[in-house]
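Please look over the sequence and the model shown here. A short report on a few of its parts comes after them.

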Amino acid sequence: MTLEQLRIFAAVADALHFTRAAESLRLSQPAVSAAVAALEAEHGLRLFDRIGRRVELTAAGALLRDEARSILRKVEEAGAMLAELSGLTRGMLRLVASQTVGNHWLPSRLARFAAAFPGIRIDLSIGNSEDVAEAVRDGRAELGIAEGAVSDPYLMSDVVPGDRLVLVVGREHPWTGRGAVAPADLAAARWILREPGSGTRALFESAIRDAGLDPAALTVAMTLPGGSVIRHALLAGLGASVLSDLVVSDDLRDGRLVAVGGLALPERGFHLVRHRDRHRSAAEREFVRLAVVES
């Protein structure tokens with residue numbers, strides 16, 4: 001068993017899809033399939049059940065996935081240690097961010113870090129706030145940046161300045177031109193919202209409760225997986241939503257979308273999420289310094 005086989009196996013186990021795993025590894029799909037087949041043949045065990053175009057982990061595969069993650073994490077920690085000794089001239093920093101953070105807050109900060117440390121490779125994955133917590137807890141990311149607060153005994157977080165949520169509609173929406181809407185209007189609206197588990201959705205539902213309404217009683221016309229997708233739906237006039245000002249600032253300035261009052265929406269901090277027990281690499285410390293402290 002080689003580290004490369006373990007790395008390929010772990011990628012397939014995470015994606016449960018050979019082609020997507022191959023894309024993430026920048027390998028051909030036949031090369032990924034051959035590596036997994038060789039691992040299975042070497043030990044006389046089936047690690048995946050092939051069900052049409054899907055794959056599922058067998059019991060043996062699930063056990064190996066956990067061990068593989070642990071081994072690969074140790075290898076990366078050893079590499080990080082050597083990178084520190086070499087003065088951050090090489091190495092890797094694994095980040096995970098929620099949608100708004102990854103797509104709108106993070107790019108300029110990644111560019112600043114890359115300019116300062118061109119030898120450090122950034123591996124970024126994007127999900128929702130729950131995905132961020134899971135990736136850091138499982139060791140698939142060294143640092144997470146989430147919109148929503150994370151409550152997990154294995155994790156710790158620091159709050160940094162983030163964004164403000166805005167109640168927005170398209171310029172042809174009936175609310176356009178009104179300074180604020182009443183709770184009855186909020187209750188009758190057709191909403192386009194992020195998925196449950198996102199920080200934006202959680203804060204929206206909290207604000208709705210503060211307005212005396214039950215989030216479960218709202219008409220949710222669409223549940224979409226990211227602020228940019230919701231923005232396009234609003235531009236098409238399909239409903240109302242609450243989005244980060246980072247997502248809609250250009251549209252608000254140019255009048256394509258309109259901000260409406262009537263819902264108490266706070267400024268929110270973003271959460272830097274780390275594992276309590278894992279070593280903080282020099283790359284992570286420098287990223288936080290450049291991306292957050294000196295921003």
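The report covers the nonpolar cores, then one arginine and one alanine.

This is a predicted model, in which local features need pLDDT of at least 70, side-chain atom pairs count only at pLDDT 80 or more, and totals for chains, interfaces and linings use all residues. Residues are numbered from 1 along each chain as its sequence is written, and side-chain values use heavy atoms, with hydrogens and water left out.

The largest nonpolar core has 23 residues, of which W105 and F287 touch the most other members. A nonpolar core is a set of buried (under 20% relative accessible area, 1.4 Å probe, protein chains only) Ala, Val, Leu, Ile, Met, Phe, Trp, Tyr and Cys residues joined through side-chain atoms within 4.5 Å. Helices (H or I, at least four residues) and strands (E, at least two) are DSSP runs, numbered from the N terminus.

A second, separate core of 21 residues includes A11, A13, L39 and A68.

R231 lies in helix α10, residues 227-235. Not counting residues up to four places away in sequence, R231 touches L243, V247, D251 and L257, where contact means heavy atoms within 4.5 Å.

A216 sits in the loop between α9 and β8. A216 counts as exposed (over 50%) because its relative accessibility is 70%. The C-alpha atoms of A216 and R50 are separated by 39 Å.
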